Amino acid sequence: MNNLTNSLLRAAQRMLLLMSALLFSVASFAQTETGWLTSPDHPPVKTRFVLTGQVNTTDKTVEGFLEVELSGDWKTYWRSPGEGGIAPSINWDKSSNLDSVDWHWPHPDHFTLLGINTWGYKGDAVIPMTLHVEDVNKPVVVDAKLTLSSCTTICVLTDYPIYLSFTPSDLRIDEDAMYIHAQAISAVPKPSPLVTSQQATWDKTTNQLEVKLTKSLGWQSPELIVDSTNEAISDYSYVQTSMNIDGDVLTAVFDISTWLGDIDLSDQSLNVTIKDTDFIAEQVAPVSVGVISPVTSDLSLLEMIGFAVLGGLILNVMPCVLPVLGMKLSGVIAAQGLERRKIRLQFLASSAGILTSFWLLAAFLLILKLTGSAIGWGIQFQSPWFIGFMVMVTALFGANMLGLFEIRLSSGTNTWLASKGDNSYGGHYLQGMFATLLATPCSAPFLGTAVAFALAASALDMVAIFTALAIGMALPWIVVALFPGLASYLPKPGAWMNKVKLLFGMMMLITSGWLVYLLANHLPIFWIVMIVVIAFIWILARIKQVYGNKALAISGSLSLGLLAGGLILGSVTADHWSTPLPQDLAWQPLSNQAIDNAVKQGRTVFVDVTADWCVTCKANKIGVILQDPVYSALKNPNVVPIQGDWTHPDGAVTAYLKENGRFGVPFNIVYGPNAPEGIPLPVILTSDAVTSALKAASGEGS
């Protein structure tokens, strides 16, 4: 009996020891990662700290990583955030048997928001770390606090507790964790033997830094980041102003700034992080003090002024100008039969109006830029107040050209005006102003390049570029002003001009209708219908007062006939015309993460940045995007159509445009496995341009 009892006791002891070993093993395994950590105050972000099980007993190191998952457009920052943001940090003070921790930072992405340049990560970010322990055979307690900054248009600073307990010598390899760690390590820049020399020169007088790098295989599309891990100069910001490639030598110039104290790079070394096609590296460059000659930009201010003149001239024939065609032609035809001096002054007045509008736009954009607001070409059409104002202006112009009202002045005022000469110069000046404002919602060839240069340049350069744009748009008017005899080649004035004037008045009212349609993006449809009905009743009432019952009957009958005819025609041919254009594409909302994910999956991405107020955008859509062969190509399952809507102010869309050096719409670009950086398309799309870019980006036919 005693033997049996002793046997049972020994068996129980062995069982307890086995269970204890199993529990210890499970506990030990569980302590190799924290699990996902979240904050109820900031759910878009979650993070975890993981050990891979890789231990180097000689160096007394343990490998692990910090993983951060950010949803939507949230991002966190690199070790040197740039002009804004805060780098992630961990306080390890409460930990035991832990000597130090090395962070290994993967190459970051570049972000621009409201003119502020930052470096960081979006989506899923993994930052490898090496833990240096004091004794690999003793337990390590990691009791730390992670402070993580995450931003969109706002920034949130969140703390996460990190707690792990493990003995390094007892750790086992976690295959999944090791794979994630290896993937992240492969994206960490390291010194490369291909970079045979690196030099950094600091100019104390200009506070500029010149970096020269020599790479044995040459350069293709390099990107550079300059920073330092030295706390004394870690707050310095380096903004690249120019880059030049001469054979194997790359020369870049950076402006240096800091929020605190004076700049001093004497006896310092800087990290130069390099990204080129299939190449990343990080070199340490000792700084020498000297005088540098800044690398000149590929395009000088004078060349940009030439681009601006061309862009303004081409703007005259863009679809955006169609609504003001009547206003322009009216001014040309009305000049018939006038003296050369009056023709010259009228056309100079219109040119002055165009110049004034461009100066006002430059001042408006400069104020937005100085206050840190979003800037872009045509953003005034995002404002319901501006659109409403233009509705009133165009409606008044149209009604005036139709003769539905006139401004009556006193006899004394009329006598004074008569004594001073022709009284229409002010009207031509206003026509030039409003024609410009109506013609600016869309980009044009050369115009986008000039505007991008202007918005990134100094205030003086911006005014110079916008003045050149005005001269380009006013050039046809300036030519007639210089050579007023050109007006004599047009048809002679006569009774026919009154009929043409009525036609132009109708065109201006159509412009008002288009602007009212744009208001539907800001006002309830009820008020839009009320505006249209009230305007229609007022027009009929004025027609009766000015032209009599006969004209009212004709106008009313014609309006009702057109409305009824349209309804009848629509109902009779419903089957044929129910879908005059193919169904719109299944657009995904604009997101850099969506673009990156699709390209990583081997798919091709077509990005369309558009706005309801952009006439060129509509022309591109109807004439190219919704027509074969482009439409069928975009319906291909391997093609992802992504659209950014700039109808309303949208910081993400503005930032995306700025990242691509654009400040207006339309903007189209194609990404793919063979074109991860994107292939920009021309402002006015063609089927050949789109299909060729899709093929090149996907690698088809290569």
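**Reading a sheet and the helix across it**

Modeller: Thr 47 in β2 is the bridge partner of Leu 37. How many bridges join β1 to β2?

Biologist: Two strands pair if DSSP finds at least two bridges between them. Here two bridges join the antiparallel strands β1 and β2. This is a predicted model, where local features need pLDDT of at least 70, side-chain atom pairs count only at pLDDT 80 or more, and totals for chains, interfaces and linings use all residues. Residues are numbered from 1 along each chain as its sequence is written, and side-chain values use heavy atoms, leaving out hydrogens and water.

Modeller: In what order do the five strands form the open sheet?

Biologist: Strands (E, at least two residues) and helices (H or I, at least four) are DSSP runs, numbered from the N terminus. The order here is β1-β2-β3-β9-β6, with antiparallel pairing. At the edges, β1 (37-38) and β6 (98-103) each pair on one side only.

Modeller: Which residues of α2 are buried?

Biologist: Buried means under 20% relative accessible area, exposed over 50%, and partly exposed in between (1.4 Å probe, protein chains only). In α2 (residues 175-185), Ala 177, His 181 and Ala 184 are buried. Seen down the axis, they fall within an arc of 65 degrees, so they line one face of the helix; the arc is that of the directions from the helix axis to the C-beta atoms. Glu 175, Asp 176 and Tyr 179, on the other side, are exposed.

Modeller: And what covers the buried residues of α2?

Biologist: Contact means heavy atoms within 4.5 Å. The cover includes β2 (45-56), β3 (61-70) and β9 (124-133).
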